[in-house]
Amino acid sequence: MSSITPISAPPNGAVPASTPGAGALPRPLAGTPSPDAALQAREAQAKQALAIQASNKPTASELQKQLEQAMADARGQTNLRFRVDEDANRIVVSVVDSDTGETIVQIPDETALTVARRLAATGRGLFDREA
């Protein structure tokens, strides 16, 4: 009758070379998703988020109602000012806060007016060279 003797593990926790699978790469733990599965899960979440966002997108009539409400709320708080910038030879429209007199927005803005003034002053286009 033969007896089987158990193999004891070395004290440092190393796996003996005679053990099957010694030197093999560790297997992922059960339930741990692979990198591809994790990527696919993130893509699915992103698609679901986009679908939810698209379903929450307001219709044109809802946007029109919101715009009309915003204009009604702002009607008493802002004024429009029109002027002619003689150096640029342009009409300038400004939306001004009626309480403070501060310009909220100006069309065209100062950068565009500066370019227009330079073009008007030189009588040329954007380039200094002539053909």
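I take strands (E, at least two residues) and helices (H or I, at least four) as DSSP runs, numbered from the N terminus.

**Entry 1: ground rules**

I am working on a predicted model, where local features need pLDDT of at least 70, side-chain atom pairs count only at pLDDT 80 or more, and totals for chains, interfaces and linings use all residues. I number residues from 1 along each chain as its sequence is written, and my side-chain values use heavy atoms, with hydrogens and water left out.

**Entry 2: Ser-94**

I looked up Ser-94 and found its place in strand E2. Is Ser-94 buried or exposed? Ser-94 is buried, because its relative accessible area is 8%. My cut-offs are under 20% for buried and over 50% for exposed, with partly exposed in between (1.4 Å probe, protein chains only).

Next I listed what Ser-94 touches, with contact meaning heavy atoms within 4.5 Å. Not counting residues up to four places away in sequence, Ser-94 touches Asn-79, Leu-80, Arg-81, Thr-103, Val-105 and Gln-106.

**Entry 3: the strands**

I count two strands as paired if DSSP finds at least two bridges between them. E1 and E2 pair in the antiparallel sense, over 8 bridges. Within this pairing I find Leu-80 opposite Val-95 in E2. The hairpin of E1 and E2 has 4 residues between the strands, and Asn-89 takes a positive phi near 60° there.

E2 (residues 90-97) also runs antiparallel to E3 (residues 103-107), and 4 bridges join them. Here I see Val-93 opposite Ile-107 in E3. E2 and E3 form a hairpin with 5 residues between them. In that turn, Gly-101 has a positive phi of about 80°.

**Entry 4: the nonpolar patch**

Which residues make the nonpolar surface patch? I get Leu-80, Phe-82, Val-84 and Ile-91, with an area of about 460 Å². Patches are made of residues with over 30% relative accessible area and no salt bridge; like charges are joined within 9 Å, and nonpolar side chains (Val, Leu, Ile, Met, Phe, Trp, Tyr) within 5 Å. The areas come from the Shrake-Rupley method with a 1.4 Å probe, and for residues only the protein chains shown count as cover. E1 gives the largest share of the nonpolar patch, 3 residues.

Phe-82 has its place in strand E1. Phe-82 counts as exposed because its relative accessibility is 59%. Val-84 also lies in strand E1. Val-84 is exposed, with a relative accessible area of 53%. Leaving out residues up to four places away in sequence, I find Val-84 touching Arg-90 and Ile-91.

**Entry 5: Asp-85**

Where is Asp-85? I place Asp-85 in strand E1, which covers residues 78-85. Asp-85 counts as buried because its relative accessibility is 6%. Beyond its neighbours within four places in sequence, Asp-85 is in contact with Arg-90, Val-92, Leu-113 and Arg-117.

I also noted a polar atom of the Asp-85 side chain 3.2 Å from the backbone nitrogen of Asp-87.

**Entry 6: salt bridges**

Side chains of opposite charge can pair when their charged atoms come close. My criterion for a salt bridge is a side-chain nitrogen of Lys or Arg within 4 Å of a carboxyl oxygen of Asp or Glu. How many salt bridges does the structure hold? I find 3 salt bridges.

Arg-83 forms one with Asp-85, with the closest N and O atoms 3.8 Å apart. Arg-83 counts as partly exposed, at 36% relative accessibility.

Arg-117 and Asp-85 also meet through their side chains in a salt bridge, at 2.5 Å from N to O. Arg-117 lies in helix H3 (residues 110-122) and Asp-85 in strand E1, so the pair ties together parts that are 32 residues apart in sequence.

Glu-110 forms a salt bridge with Arg-117, and the closest N and O atoms are 3.8 Å apart. Glu-110 is partly exposed because its relative accessibility is 40%. Salt bridges that share partners join Arg-83, Asp-85, Glu-110 and Arg-117 into one network. I also looked up the cover on Arg-117, which is partly exposed, with a relative accessible area of 25%.

Terms used: Polar contact = N/O pair within 3.5 Å; in protein donor to acceptor, adjacent residues only side chain to side chain.
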